[in-house]
Amino acid sequence: MIRSKYKISAVESFTGGMFASEIISHPNASTFFRGSLVAYDSRIKRDVLGLDISKGVINKDIAAQMALKGNKYFDSDLCISFTGNAGPIAEEGMPIGFIYIAICLNNEVSVYQYILSGQRNEIRKQAVEIAINILKSKDIIEIY
């Protein structure tokens, strides 16, 4: 079982919907989870979310903007976003495993930066686990 006192959404890039999949795998997710936009291609970040991607998409500002725009798009209390490089090659001068997770709660954004190790799918899984642990530590979600 999982529950939250907030309406939650996500904007995912390199995680490719893995966060949403993990959340909805638990009973009761439909009571608080609004949905997820997989903005994997940079054009989606630009054209759908209206982000300025001229300086790249693997940075703190893009992570923050993804979470802010997702909150509005889904009319949620909280939006979590993921941007980074899961590999297999370095992109935008960032090493494999360099990621950002941003959380926008009531229009206040916190951005977390990590350098993870492992293969592509291991990095994606680690990022989702980190995000869920952040949400649990802030009493945003409960899993029991």
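The legends below describe close-up views of a predicted model.

Local features are given at pLDDT of at least 70 and side-chain atom pairs at pLDDT 80 or more, while totals for chains, interfaces and linings use all residues. Residues are numbered from 1 along each chain as its sequence is written, and side-chain values use heavy atoms, leaving out hydrogens and water.

**View 1. Helix α4 covers residues 120-137.** Helices (DSSP runs of H or I, at least four residues) and strands (runs of E, at least two) are numbered from the N terminus. The expected span of a helix is 1.5 Å times one less than its number of residues. The 18 residues of α4 should therefore span 26 Å, and the end C-alpha atoms are 26 Å apart, which agrees. Just after α4, Asp139 has a positive phi of about 55°.

**View 2. The buried residues of α4 pack against other elements.** Buried means under 20% relative accessible area, exposed over 50%, and partly exposed in between (1.4 Å probe, protein chains only). Among the buried residues of α4 are Ile123, Ala127, Ile130 and Ile134. Their partners include α1 (18-24), β4 (78-84) and β5 (98-105), with contact meaning heavy atoms within 4.5 Å.

**View 3. The loop between β4 and β5 holds Pro88 and Glu92.** Most residues other than glycine have a negative phi, and most peptide bonds are trans. The peptide bond from Gly87 to Pro88 is cis, with omega near 20°. Glu92 has a positive phi of about 50° and counts as partly exposed because its relative accessibility is 41%.

**View 4. Asn106 lies in the loop between β5 and β6.** Asn106 is not a glycine, yet its phi is positive, at about 50°.
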